[in-house]
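Welcome! Below is a short tour of some charged pairs and a metal site. Take a look at the structure, then read on.

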Amino acid sequence: METLWSDFINSKWRDWRGSERSEDRMNQEKWQNYYLQQWRLKAPVPADEETVSEMREFRDRLHEMSIRLSEGAAVSDDDLGFLNTMLHTGPVRRQLDTEGDKMTIGLVPLREDWDQVMAEVAADFAHTLVNGEAGRIRICENPDCRWVFYDDTRNRTKKYCEDKTCGNLMKVRRFRAKRKKEQEEQEHGQED
Ligand SMILES: [Zn+2]
């Protein structure tokens, strides 16, 4: 499942097919527009250079933390301090609304800039931790991909970002490796 925070981390794109191509999309207008639209956030595009470098720093820290948590580590005091600093950069106001016949109370972002966007990303990540679901943070097991995602499957066994892409690719690779091994064994057998 794609979330606000995983989508942000995955702005660092790597070619899952194994060409070793990679691309940091954070400074691209196309990515910035996509991201704001996808998550219904507002900020100026293009983001200026200084902002982009702050966003990258924030992203890399969040990425590093996701990897650690996916390996079963606990949230450290350092992590907590870091997330709180990010949360405080985006002020919100409470707002009561109606949705059909239900009433909701939500938080409306006060600013329309990338600091606010980062605070929303940190808040979404914090919700993941608060709901006790840090154990569902995953890194795609295709070594060429390493996409960060949230495992929302019932049995918590999702290994790849997408079964259709990385899942299939790894299946093919395993099959080829097995066949190669069998062939090698056969050839050795003939030599004896
Ligand atoms: Zn993948």
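Lysine 12 is partly exposed, at 39% relative accessible area; here buried means under 20% relative accessible area, exposed over 50%, and partly exposed in between, using a 1.4 Å probe and protein chains only. This is a predicted model, in which local features need pLDDT of at least 70 and side-chain atom pairs count only at pLDDT 80 or more, while totals for chains, interfaces and linings use all residues. Residues are numbered from 1 along each chain as its sequence is written, and side-chain values use heavy atoms, with hydrogens and water left out.

Which residue does lysine 12 meet in a salt bridge? The partner is aspartate 60, and the closest N and O atoms are 3.6 Å apart. A salt bridge is a side-chain nitrogen of Lys or Arg within 4 Å of a carboxyl oxygen of Asp or Glu. The two residues sit 48 residues apart, in distant parts of the chain: lysine 12 belongs to strand β1 (residues 12–14) and aspartate 60 to helix α3 (residues 49–70). Helices (H or I, at least four residues) and strands (E, at least two) are DSSP runs, numbered from the N terminus. Aspartate 60 is partly exposed too, with 31% relative accessibility.

## A network of charges

Aspartate 60 also forms a salt bridge with arginine 59, where the closest N and O atoms are 3.1 Å apart. Arginine 59 is buried, at 1% relative accessibility. Both belong to a salt-bridge network that links Lys12, Asp24, Arg56, Arg59 and Asp60. The count for the model comes to 16 salt bridges.

## Joining two helices

Another salt bridge brings together the side chains of arginine 68 and aspartate 79, at 3.0 Å from N to O. Arginine 68 is in helix α3 and aspartate 79 in helix α4 (residues 77–87), so this pair ties together parts eleven residues apart in sequence.

## The zinc site

Now for the metal. The SG atoms of Cys140, Cys145, Cys161 and Cys166 coordinate the zinc ion at 2.3 to 2.4 Å. Donors are N, O and S atoms within 2.8 Å of the metal (3.2 Å for Na, K and Ca); water is not among the atoms, so sites may look incomplete. Along the chain, the donors follow the spacing C-x4-C-x15-C-x4-C. Cysteine 140 and cysteine 145 are both buried.

The site is tetrahedral, with angles of 104 to 117° among its four donor atoms; four donors count as tetrahedral if all angles lie between 85 and 135 degrees.

Terms used
Four donors count as tetrahedral if all angles lie between 85 and 135 degrees; four count as square planar and six as octahedral if opposite donors are over 155 degrees apart and all others between 65 and 115; anything else is irregular.
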